[in-house]
Each structure stands twice: as structure tokens, then as C-alpha cells.
Amino acid sequence: MHSMKNVKIIRMIFFLIISMLLPLSAQSGKQLEKVVFAMEAGLFEEALNQLDIAQSIEPNNAEIYKLKALLLEATNKNRKAIEAWNDCIKNTKNSDLINEAKIHLKNLQEN
């Protein structure tokens with residue numbers, strides 16, 4: 001039962017990543033493809049490593065921080081997820097993304 005929850009979370013993250021590949025630059029887009037492949041293989045640490053590389057390519061891309069935060073949440077690394085959500089907020093002016101990050105931060109800080 002617990003693994004079904006993880007599968008649903010991973011699927012959600014997978015679809016979020018796919019939907020985001022188009023708006024990113026070609027370089028970070030290729031990096032995010034590697035993230036997707038790593039996630040599909042169950043290599044979550046590798047997926048996080050690939051997100052770190054994408055982040056180094058585009059350090060001001062809030063969407064990368066969002067993906068990183070979601071993956072960290074899915075792997076129960078809540079403290080690091082909080083950091084990633086805060087970085088997401090710092091790097092965006094998109095009010096919808098800011099609100100989404102604040103909801104996640106509130107939930108993470110309550111746990």
C-alpha cells in the first residue's frame with residue numbers, strides 16, 4: 001500500500017517534468033530528459049544529481065527548483081525540499097508558482 005503512494009507521486013512528478021521540457025532551454029531540457037530516465041529507472045538520487053546539473057546550467061530557473069523540491073518531497077527529504085521551494089520562490093515572479101510553493105512549504109513545516 002505504501003509503495004502505491006510512491007508510484008502515484010513518481011507518476012505525478014514524471015508528468016510535471018514532461019510538461020515542462022518544452023519551455024526550458026535546449027541544454028537544460030536535455031538534462032531534464034536524463035532526470036526523467038533516472039526516475040523511470042527508480043534512480044532517484046541520480047535524478048537529483050541531474051537536477052543539480054540543470055540547476056548549474058540555469059541557476060535562476062524556478063521550474064528546476066520546483067522539480068527538485070517535488071522529488072525531494074517524494075523521497076522524504078523534507079528539509080532539502082524546503083530549501084528548494086524557497087529557492088523556487090526567490091527565482092520567480094509567477095504568482096501561481098509562488099502560491100504553489102507556499103502551500104508546499106506550509107505542509108512541509110507542519111510535518
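Visitor: Where is Asn76 found?

Guide: Asn76 is found in the loop between helix 4 and helix 5; helices (H or I, at least four residues) and strands (E, at least two) are DSSP runs, numbered from the N terminus. This is a predicted model, in which local features need pLDDT of at least 70 and side-chain atom pairs count only at pLDDT 80 or more, while totals for chains, interfaces and linings use all residues. Residues are numbered from 1 along each chain as its sequence is written, and side-chain values use heavy atoms, with hydrogens and water left out.

Visitor: What makes Asn76 count as exposed?

Guide: Its relative accessibility is 61%. Exposed means over 50% relative accessible area, buried under 20%, and partly exposed in between (1.4 Å probe, protein chains only), and Asn76 therefore counts as exposed. The phi of Asn76 is also near 60°, a positive value in a residue other than glycine.

Visitor: Why is the contact between Lys77 and Glu45 called a salt bridge?

Guide: Side chains of opposite charge can pair when their charged atoms come close. The term requires a side-chain nitrogen of Lys or Arg within 4 Å of a carboxyl oxygen of Asp or Glu. For Lys77 and Glu45 the N to O value is 2.1 Å, so the pair qualifies. The two residues are 32 apart, Lys77 lying in the loop between helix 4 and helix 5 and Glu45 in helix 3. By this rule the count comes to four salt bridges.

Visitor: How do you know that Asp52 and Lys68 tie together separate parts of the chain?

Guide: Asp52 and Lys68 form a salt bridge, with the closest N and O atoms 2.6 Å apart. Asp52 belongs to helix 3 and Lys68 to helix 4, so the parts joined are 16 residues apart in sequence. Lys68 has a relative accessible area of 17% and is therefore buried, whereas Asp52, at 34%, counts as partly exposed.

Visitor: Why is the second largest pocket called a pocket?

Guide: On a 1 Å grid over the protein atoms alone, a pocket is an open set of points with protein on both sides within 12 Å along at least five of seven lines, whereas a cavity is a set where a 1.4 Å probe fits but cannot get out. Its volume, the space filled by probe spheres set on points joined across faces, edges and corners, is about 170 Å³. Helix 3 (44–57), helix 4 (62–74) and helix 5 (78–90) each give two or more residues to the lining.

Visitor: Which residues line the second largest pocket?

Guide: Lining residues have an atom within 4 Å of a point; among them are Glu45, Asp52, Lys68 and Lys77. The lining divides into four nonpolar, one polar and seven charged residues, where Ala, Val, Leu, Ile, Met, Phe, Trp, Tyr, Cys and Pro count as nonpolar, Asp, Glu, Lys and Arg as charged, and the others, Gly among them, as polar.
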